[in-house]
Amino acid sequence: MAAFLQWRRFVFFDKEPVKDPGENGRNFALPSGISACDSGRGHIVLGDILTLTSFQAYKLRVTHLYQLKQHSILVSVGQDEHGINPLVKVWNTDKRDSGSPLCTRIFPAIPGNKPTEVSCLSVHENLNFMAIGFTDGSVVLTKGDITRDRHSKTLTLHEGNCPVTGLAFRQAGKVTHLFVATLEKVQCYTLSVKEYPRLELDTHGCALRCSALTDPSQDSQFIVAGDDCVYLYQPDERGPCFAFDGHKILAHWHRGYLLLLTRDTKSPNKPDFGSRETSPTEKQILTIYDLDNKFIAYSAAFDDIIDVLAEWGSFYILTRDGNMFMLQEKDTQTKLEMLFKKNLFVMAINLAKSQHLDNDGLSEIFRQYGDHLYIKGDHDGAIQQYIRTIGKLEPSYVIRKFLDAQRIHNLTAYLQALHRQCLANADHTTLLLNCYTKLKDSSKLEEFIKSSESEVHFDVEIAIKVLRQAGYHSHAVFLADKHLHHEWYLKIQLEDLKNYQEALRYIGRLPFEQAETNMKRYGKTLMHHVPESTTVLLKRLCTDYQPSRDSTDRDSLDRTVLNKANSEEFIPIFANNPRELRAFLEHMIEEEQSPPQGVYDTLLELRLQDWAHEQDPERKKGLQEAALLLLRRENTVFDKALVLCQMHNFKEGVLYLYEKGKLYQQIMHYHMQNEEYSKVVEACKTYGDKEVCLWEQALGYFARKEEDCKAYISEVLQHIDQNNLMPPLLVVQTLAHNSTATLSVIKDYLINKLQRESQQIEEDERKIRQYREETAHLRSEIQELRTSAKIFQKTKCSMCNSPLELPSVHFLCGHSFHQHCFESYAESEAECPTCTPENRKVLDMLRAQDQKRDLHDHFNRQLRSSNDGFSVVADYFGRGVFNKLTLITDPPGGKAGPGSLEADLQRDLLIHTKRNV
């Protein structure tokens, strides 16, 4: 039970007299003799003799009215005749009958045949139920369509000895209840069950018009206003009660407000049941309660109120002196301002929620409440109100108030709430973590950073920065590891905790791309402190990298993708660790079929450095073999390898590369620079067949030497002489530069040369004599052919080698053929089939030379553009460009003249001469 004496009183309603718009703003005058009234569907219905908009409903008087809220249906109870004979009429106010509302149904309102007066009336909004209460304690229920006689039936639901004072229908889903209040009891009937079961809720009732039904928002509870308390009922039990003292005259519910009309306790008179007459001096107190928020919204004294109606969002008070007053509720903002002035913020919050104020409005109330508590010094309470403004109020407004060190715990609470609602920015995260560190609250700090992934409401990177700056390195590492901020994790491990081994282990667990990136970034640092482990990880990374996992995870990894970094990019990491670099490079050379060129070059340089600095002959020889083995690989870049070998004076490597590159002159020049005479001669012997100029260079080299090199010069001259590599004059001129070389050095060479020259001259003279004899013989044959007949004495065919038979064909060349053999094989009647192929070759050569002989423009262009003009001239000279050659062919027309025989002979002679040459 709640005592209303503790409830605060406010004036949330404005009282105004209702003006009559038709009377120039004068107060509206109620008709006299009002006996019933109601409101709904935008109408206030007043009944005396039930003159409704100037129509007569009953001949005598109206006793009850019920206007439905959701339908334009008005139900009235009145009398057309004297005596106790009440009639129920149902009106459709939307339809008209001769200017009046249409009356759709009329039936007597008596239980059975007992004449009794109607005490109360209630109609269900779905038009399927209507209940009428009587003064004899009876309740008549009409079930079905109440607007028609045909579709409804009437029955007596309740009988008793105590007058019925209140009726109300309650609909909850498909279940319909009827509350029945008498002077002594409160009962509930379940109408959706066929037997209409009854449940007695209480053993005390209420006076007439002292009951009502709340809104569905209040669970449609039945209100019974007794003289001591106001009770609320559910269909199956009694609910809360409120100790509102005073003799109740009227109870009404509208929009969350309970309106009670009570008689002033100073008044001595107390009317009986059903009496609405009061003494002229009686005062009535009208009070409007807000049951949810526990305050009195309005309270005032009136003179003799007939009834209170609710319509258009306001209360309308009808008094017996003919006046109508309107109680219009103040707007929500005005009510809140009234509460703010009295610092009633809790009540303002409750009121705003009940009025369904938006979040912006509620946030403003919370802010003002927080400001009020802050000023009073209640910082804990203030921060709780400020937390409720998150999302609407700018956080900086609150943060500025609590930056004092003594209020840091309040600021921490606010920032925590800000993060929980995911509305914190980087600055808020920084501030919260600083608060934790200032308070040295490690438990809160751990709870904050160890929240699950779905509960992370802060910028992880900012949190890591702040924790690192504050010296909470272990917390920062945990946060970085949990949220996969690899860079921050490694930076803290390496720069702050100096835990190099753990950092290396962490990198080994990362995916390939991230492991590669972090090794490039931190490789030098790790190599400096943990070189062996770092080298092992780099070997993994550059061959077939798989992140380090448990054995079960490792088995589930996809092995089809080969993750392999470029080993050449990691060479700078080993700048100060040559031993680890050598191991890394040798591993890459062994594992990869075609390693990057940089790996090969670097390893070669390392091996050459080791060879150059090694003093032990045995080890030096082994290093030499290792370097040569590396040079023999297919991916050797000649220029780079040669430069490295020359830099380290690696003779074997230089000579190998020269030989591999076919730079034979460079090999000999290398021996010449080192004055290795025997090596020079050996190089000439080895490579002289591939490049003959080596012997000439060797002779020139020895000729320039002032030392005694006669043995080497003799050996070189012997080879030059055997292969005829140099003219003797050039040999003499070359050796003339050597002051130590005497004639005896080249004596044997010159004697041999002169002897061979003499032999060659004799051979040439012999051939000249031979050619002259052959020429004279040919000329004699030609002369004989010109002057005498040719006798053909050949007895066999030159084609089939069978004895000749007539007819036969004979040629001047001496070949004879059967005629049928000649016709089968000859391509032309004028040419010997046996001599034709050779003759045509000679003729084609002559024609080709003749055609090319005339290409003067082409020759000139080629000569100008060529770097070696002599080669061009020699080429054209060989083609016979510079020779004048006349080719004798048959005269035009093919007629054989007197000189045709001579022409044929000359042509045959020319061909014969070319063939013999």
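Colleague: In which element is H419 placed, and is H419 buried or exposed?

Modeller: The model is a predicted one. H419 belongs to helix α6, residues 408-420. Its relative accessible area is 2%, and because buried means under 20%, H419 counts as buried. D459 is 40 residues away from H419 in sequence, while the two C-alpha atoms are 9.6 Å apart in space.

Colleague: Which residues of α17 are buried, and against which elements do they pack?

Modeller: The buried residues are G598, V599, Y600, D601, T602, L603, L604, L606, R607, L608 and W611. They pack against α16 (578-591), α18 (617-631) and α19 (638-647).

Colleague: Let us turn to strands. How many residues of β14 are buried, and which strands does β14 pair with?

Modeller: In a regular strand the side chains alternate between the two faces of the sheet. Five of the six residues of β14 are buried, so the strand is largely enclosed by the rest of the structure. Strand β13 (residues 129-134) is joined to β14 by five bridges, and the two run antiparallel. Strand β15 is also antiparallel to β14, with six bridges between them.

Colleague: Which residues stand opposite each other in these pairings?

Modeller: V140 of β14 is the bridge partner of I132, and V140 also stands opposite T156 in β15. T156 has a relative accessible area of 36% and is therefore partly exposed.

Colleague: What is found in the turn between β13 and β14?

Modeller: The two strands form a hairpin with four residues between them, and G137 in the turn has a positive phi of about 95°.

Colleague: Where is T147, and what does its side chain contact?

Modeller: T147 is in the loop between β14 (139-144) and β15 (152-158). With a relative accessible area of 13%, T147 is buried. Its side chain makes a polar contact of 2.7 Å with the side chain of D145. Leaving aside residues up to four places away in sequence, T147 touches I73, V90, T104 and R105.

Colleague: Why is β24 described as largely enclosed, and how does β24 pair with β25?

Modeller: Six of the seven residues of β24 (248-254) are buried, so the strand is largely enclosed by the rest of the structure. β24 and β25 (residues 257-263) pair in the antiparallel sense over six bridges. H254 has Y257 as its bridge partner in β25. Two residues separate the strands of this hairpin, in which R255 takes a positive phi near 50°.

Colleague: How are aromatic pairs described, and how many does a search of the whole structure find?

Modeller: A pair of aromatic rings is described by the distance of the centres and the angle of the planes. The search of the whole structure finds 28 aromatic pairs. Among them, F10 and F295 are edge-to-face, at 5.6 Å centre to centre and 85° between the planes. This pair links distant parts of the chain: F10 is in the loop between β2 (8-9) and β3 (13-17), and F295 is in strand β27 (295-303), 285 residues apart. Both F10 and F295 are buried.

A tilted pair is formed by F302 and F325, with 6.1 Å between centres and 55° between planes. F302 lies in β27 and F325 in β30 (324-329), so the pair ties together parts that are 23 residues apart in sequence. F302 is buried at a relative accessible area of 3%, and F325 is buried at 17%.

Colleague: Which residues form one aromatic cluster, and where does the charged end of K401 sit?

Modeller: W7, F242, F244 and Y289 form one aromatic cluster. The charged end of K401 sits over the ring of Y374, 4.9 Å from its centre. Likewise, K491 lies over the face of W488, 4.8 Å from the ring centre.

How values were computed
Residues numbered from 1 in each chain as written. Predicted model: local features only at pLDDT ≥ 70, side-chain atom pairs only at ≥ 80, totals over all residues. Heavy atoms only, no water. Buried < 20%, exposed > 50% of the residue type's maximum accessible area, 1.4 Å probe, protein only. Polar contact = N/O pair within 3.5 Å; in protein donor to acceptor, adjacent residues only side chain to side chain. Contact = heavy atoms within 4.5 Å. Pairing = 2+ DSSP bridges. Phe/Tyr/Trp six-rings, centres within 6.5 Å; stacked < 30°, edge-to-face > 60°. Lys NZ or Arg CZ within 6 Å of the ring centre and 35° of its normal.
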